[in-house]
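Trainee: I have a model open and would like to learn how to read its features one by one. Where do we begin?

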Amino acid sequence: MHGHESHEHDHGSHHHGHVAVLPRETEGLPEAGKTELIELADGDELKLEIVPVKKKIGDATVRMLAYNGSVPGPTLKVPQRATIAIPVTNHGDIEATVHWHGLRLENRYDGTHDTQAPVPVGESFTYQVHVPDPGAFWYHPHIREDYGQELGLYGNILVTPSEADYWPPANRELLVTLDDILIEEGQIAAFRESETTHVAMGRFGNVMLVAGEADLSLDARRGEVVRFYFTNTANTRVFNVTLPGAQMKLVGADAGHYEREELVEEVLLAPSERVVVDVLLSDPGELELEHRTPERAYRLATINVSDDLPEQSFADQFGQLRTNRDMAEQRERIEPYLTTPPAKTLSFVAEMDMGVPEGVEVVYICPMHPEVVSAEPGSCPKCGMKLLAQAAEETTYVCPMHPEVTSDKPDRCPKCGMKLLPKSMVAAGAGHGHEHHLGHGHHGDEHEGHGHGHHGNEHERHEGHEGGDGHGHHGEHGNHGHGHDQHGESEHGHDTAQGIEWEDDMVEVNRMTTPANMRWKLVDQETGAENAQIDWTFHVGDQVKLRLVNEMDSDHPMPHPFHVHGAGRFLILARDDVVEPNLVWKDTVLVRTGETVDILLDVTNPGRWMAHCHIAEHHESGMMFSFNVEQ
C-alpha cells in the first residue's frame, strides 16, 4: 500500500490539526438483523429506535446506525389514507429527526428543524404519519443526512391503494433500496463531527448496498410477474437499473402510477426518487439486475428463476399497457400551464474557492480534466468547471496508485491505466487515505463491478467522463425522460453523458471540499435571494409553476435532484421545452447539467415546508430553503 496505510487511523485529521470524527468502533454492538415487513392498520402504533449496530459488508465489519436494528429499517405496509403513530427513540450518536419522504402529512410531523426541536440522544418524539397517496415512500434523517443515510438510516413505507385495480396484477411485490457506501481500510470512511466533506460531488461509495446487502440474491418462479419498488437512498449516486433477460414495464414513480404504462429497457433514479416496475420472468435461469452507466455495468442483485410455475399467471395482463384515467385527466388540466410563464424561477449554482498558492507563479487546472491547463482563471471548456489554481512549477503529473509514476503531461499510468493527476492534488489528498482504492481488485476488467466488494473502485472513476458521446439511449426512460437524447454533451458543451455525473471524477478534490470552500446555491431569479433567504408564500389550492434552471455558468456544473416536502406533490410539465410525455405525481425531479425543467406544484398542505437538493452533501452545505403555505 505504498506505506500510507496508517493515514486514516488518526481520524482523518491530518492537515486540520485534530478533527473530531463520529464514532466508528464496533466492539460490543449487536449484529444488524433482517429487515421486517410490518403491516399496520389505521390508528396502529409502531415504535422505532435508532441504534448503532455492526454489519458485515464484504470482508469489512462496520459500525452502522439502524432503525430497529436492521438496514434498511422495517418496511411499513399501510393502507392509503391511514394515519399511524410512530414514537421514535434516539439511541444514535447525534441528535435526530425522522423525515417521512414524499408524504403529505401534517406539517408538524415533517421531521425538519423548521417543524420540531431535534430529538437529543436518549430522548423520544412521536410522529403521526398520514399516508394520503399510494406508492413507495421512505423515511430518513433530516439532521446530518449525509452521515445518517450513509450509515443505514433509511426504510420504506408501502402505501397500498384504496382502488383494487390501481396497479396491474402481479404475483408479488418486492421493495428494494439502492445505495452505495464508501469503505476505506475496513471501515466506513470517516465523518467529521463539525462539518460535511465531499461537498463538491457528494460522497460516492465504492460498494453497492442493495436492500442492505452487498451481494443480494432473490428467488422467483418462471412466468411470475414481480413488482419492484426501487428507492434510491444513496447520498449522491444516480442509478440506471436494467434487467437483461426479462421484460420490464414502467408502471409508477414517487407518488403513484403513470398516465401510461410502457415497456422499458432501463429506469433512472436520482437520490430519493422511487420507480415502480413490473417484471415478467419468462424463462428459468439466473438473471442479473444491473446498474448500467455509459462506461460500465455493476451487478446489483442476482435473481434465480426456478422452473416451478406460479399458481396464477399474469403474463397476458402484463402485455396490456394500460392508460390510467386519473392521470390522463391531469394531462387536460395542466394544458394551460404549458404556455404560461413560471410563477418562480430557481437557478442551481456552485461557488468554489479552493484558494490560490501565495508567492509563486500560478497555473489553473481542471480537476476533472487535468490536461486542461490555463495561465488565466476561467472554466473548463470540456465540463464548465472552475479551474483551480496551483503553483506552476508543481505541475508534475503523478499516478495516485503508483506514486513512482510521474510525467510532465497528464498521460495514463502504464501500470494501471489511471489518468495521472497534478502532484499537488494527489499530495493534498494523501492525508485523507486516497490509497484506499487499492484494496479492491483489478482495474480494467470490463465487468469488474461483478466481483462484488470492489464496485466502483475510485481509481476506475477517473475515466467516467471520457467519450461520453453516443450514449443517448441512456436515460431514454431515464428519469422517465422517454427519449430525451438532447441531454448529451454537445447540447450543453458538457461531456458527461446525459448531463449526469455517474462517478466521482475528482476524488481528491472532492474529499477536500467542505461548506467552507464550496457553496451550493438555489437562487430565486426574481429577487436574487439565495438558499435560506428565499421567502415564498403560497396558499392551499394554488397551482404554482416553478422553473428550475441548472446553470452551466457555475463553478461546478452537475445534476441535482430537487425535492419538495409535503406542501403538495407536483407534475413535470416540460424538460428543455419538451412537454413531458408521460405524467406521474412526483416529489423529486432530477435536473440534469445545463437543463431547464418546469414543474407544477399542487399546493395542498398548510405550514412551513422545505425544498432542497437531495444530494445529502449539497443539502448539508446549504442548498435548501423553506416556504410558507397559508390556508
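Mentor: Begin with Y229, which is buried, with a relative accessible area of 2%. Keep in mind that this is a predicted model.

Trainee: What lets you call Y229 buried?

Mentor: Buried means under 20% relative accessible area, and Y229 has 2%, so Y229 falls in that class. W167 is buried too, because its relative accessible area is 8%.

Trainee: How is a pair of aromatic rings described?

Mentor: Such a pair is described by the distance of the centres and the angle of the planes. The count here comes to 13 aromatic pairs. In one of them, W167 and Y229 are 6.2 Å apart centre to centre, with 85 degrees between the planes, which makes the pair edge-to-face. This pair links distant parts of the chain, 62 residues apart: W167 is in the loop between β9 (155-160) and β10 (172-181), and Y229 is in strand β15 (residues 224-232).

Trainee: What kind of aromatic pair do W536 and F538 form?

Mentor: A tilted one: 5.9 Å centre to centre and 50 degrees between the planes. Both W536 and F538 are buried. Rings can also be grouped: Y67, W100, F125, Y127 and Y139 form one aromatic cluster.

Trainee: Which charged end sits over the ring of F191?

Mentor: That of R203, 3.6 Å from the ring centre. Likewise, the charged end of R296 sits over the ring of Y298, 4.3 Å from its centre.

Trainee: Now the backbone. Which residues have a positive phi although they are not glycine?

Mentor: Among them are S272, with a phi of about 85 degrees, and D577, at about 65 degrees. S272 lies in the loop between β19 (266-269) and β20 (274-281), while D577 is in the loop between β34 (568-575) and β35 (578-579).

Trainee: Is S272 buried or exposed, and is D577 buried or exposed?

Mentor: S272 is buried, with a relative accessible area of 0%. D577 is exposed, at 71%.

Trainee: Where is there a cis peptide bond?

Mentor: From V71 to P72, where omega is near -5 degrees. P72 is placed in the loop between β3 (60-67) and β4 (75-79).

Trainee: Last, strand pairing. How many bridges join β23 to β30?

Mentor: Seven, and the two strands run antiparallel; β23 covers residues 344-352. To follow the pairing residue by residue, take F348, whose bridge partner in β30 is L522. Strand β30 (residues 518-524) is mostly covered, with six of its seven residues buried.

Notes
Residues numbered from 1 in each chain as written. Predicted model: local features only at pLDDT ≥ 70, side-chain atom pairs only at ≥ 80, totals over all residues. Heavy atoms only, no water. Buried < 20%, exposed > 50% of the residue type's maximum accessible area, 1.4 Å probe, protein only. Helix = DSSP H or I, 4+ residues; strand = E, 2+ residues; numbered from the N terminus. Pairing = 2+ DSSP bridges. Phe/Tyr/Trp six-rings, centres within 6.5 Å; stacked < 30°, edge-to-face > 60°. Lys NZ or Arg CZ within 6 Å of the ring centre and 35° of its normal.
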